[in-house]
Amino acid sequence: MSGKNLVIIGLLFYFFLALNFRYKSNSISVTFLNVGQGDAAIFNLGNLGYMLIDGGTDLSVDYSILSFMTYPVCKIRFFYISHFHADHTKNLPSLITRCSKSFATFNDVSGYSFSKTTFAGLFSKNMFLNLPPDFFKDVQSGQMFSHTILGRPNLQIYILWPPEDVSKIKNENDRSLIMLFNFGTYEILFTGDASGEIIDSVLTPAVLKLIDGSLEVYKVPHHGSITGRSQAILDKLHPLHCVISVGANKFGHPSPQVIGDLEGIGCRVHITSEEGNVEFTL
Ligand SMILES: [Zn+2]
């Protein structure tokens with residue numbers, strides 16, 4: 001083979017590697033982790049690192065993220081916490097202190113709810129000392145967070161719930177952050193453990209306008225409980241994929257009626273206890 005051909009082959013190989021790297025670095029995905037009876041979903045945001053939505057109940061989250069990063073390295077920069085029940089938060093303090101971090105949000109940073117106090121109690125004093133002073137941010141409906149990802153549309157996170165005065169809501173499940181993730185024409189609705197009536201109330205015409213075409217992924221609220229059944233989802237949104245994050249439990253989750261209703265509108269239902277991790281490429 002001539003030297004010229006070798007150079008051409010070398011250049012082609014280089015461009016293949018560069019393209020492959022570019023593809024990988026721009027590849028955005030979300031994985032709903034199989035963490036038993038609880039919620040945890042991880043976003044791979046390419047150059048921006050990782051984002052975690054809720055943190056499950058035990059070390060199964062640490063175990064699950066091993067397929068994304070090698071222990072003890074942790075590249076999770078953003079934490080969004082739906083609410084303070086143990087099945088969404090119990091394992092978060094150790095993860096937050098181990099990971100590189102930009103911020104965490106939740107529904108009652110400046111309030112004094114019992115659940116927040118319980119969550120704070122999971123941190124030792126030393127753990128708090130290592131966090132940036134403004135690490136925890138209060139969020140409320142009407143806010144929008146934008147994350148810039150190289151070479152891709154911005155990831156926009158619209159906070160739809162709860163309202164400013166969260167203390168008036170007595171049921172912790174109903175304090176759950178409801179968030180619409182908008183990534184170009186790809187949308188995902190996170191609902192925590194909120195009840196169906198609240199989901200109905202936040203899906204206003206203005207919010208529905210943010211959804212181009214169809215809702216690609218719907219995180220079914222409250223582990224598929226009947227309390228999370230939303231008529232607006234069935235009548236107006238017709239999501240393509242419905243994810244139920246659930247494990248062994250004594251509550252009867254997920255409800256056969258919820259599954260039947262979602263399948264009835266053509267949604268493909270994914271149940272973590274049956275499928276394991278459920279991943280979508282955005
Ligand atoms: Zn829950």
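**Figure 1. Pairing of strands E7 and E8 in the predicted model.** His147 has Leu155 in E8 as its bridge partner. Strands E7 and E8 run antiparallel and are joined by four bridges; two strands count as paired if DSSP finds at least two bridges between them. Strands (E, at least two residues) and helices (H or I, at least four) are DSSP runs, numbered from the N terminus. This is a predicted model, in which local features need pLDDT of at least 70 and side-chain atom pairs count only at pLDDT 80 or more, whereas totals for chains, interfaces and linings use all residues. Residues are numbered from 1 along each chain as its sequence is written.

**Figure 2. The open sheet of seven strands.** The strands follow the order E7-E8-E9-E10-E11-E12-E13, with mixed pairing. Strand E7 (144-147) and strand E13 (268-271) stand at the edges; each has a single partner strand, so one side of each lacks a neighbour in the sheet. From one strand to the next the twist averages 15°, the axes being lines fitted to C-alpha atoms (for helices over the stretch in contact) and the angles running from 0 to 180 degrees between N-to-C directions. Strands of a sheet pair through backbone hydrogen bonds, either parallel or antiparallel. E8 and strand E9 (residues 178-183) pair in the antiparallel sense over six bridges, and Tyr158 stands opposite Leu180 in E9. By contrast, strand E11 (residues 217-219) and strand E12 (residues 241-244) run parallel and are joined by three bridges; here, Val217 has His241 in E12 as its bridge partner.

**Figure 3. Strand E8 and the largest nonpolar core.** Six of the seven residues of E8 are buried, a residue being buried if 20 or more other C-beta atoms lie within 10 Å of its own, exposed if 12 or fewer, and partly exposed in between, with C-beta atoms placed from the backbone. The largest nonpolar core has 64 residues, and those with the most contacts inside it include Leu160 and Cys242. Such a core is a set of buried Ala, Val, Leu, Ile, Met, Phe, Trp, Tyr and Cys residues joined through C-beta atoms within 7 Å. Strand E8 (residues 155-161) provides the largest share of this core, six residues. Beyond its neighbours within four places in sequence, Leu160 is in contact (C-beta atoms, placed from the backbone, within 7 Å) with residues including Ile178, Met179 and Val202.

**Figure 4. Two residues of the loop between E11 and H9.** Val220 lies in the loop between E11 and helix H9 (231-237). Val220 is buried because 29 other C-beta atoms lie within 10 Å. Among the residues that Val220 touches, not counting those up to four places away in sequence, are Gly228, Cys242 and Val258. His223 is found in the loop between E11 and H9 and has a positive phi of about 55° although it is not a glycine. His223 counts as buried, with 26 C-beta neighbours inside 10 Å.

**Figure 5. Two cis peptide bonds.** Another cis peptide bond joins His253 and Pro254, with omega about -5°; Pro254 is placed in the loop between E12 and helix H10 (256-264).

Conventions. Two residues are in contact if their C-beta atoms, placed from the backbone, lie within 7 Å.
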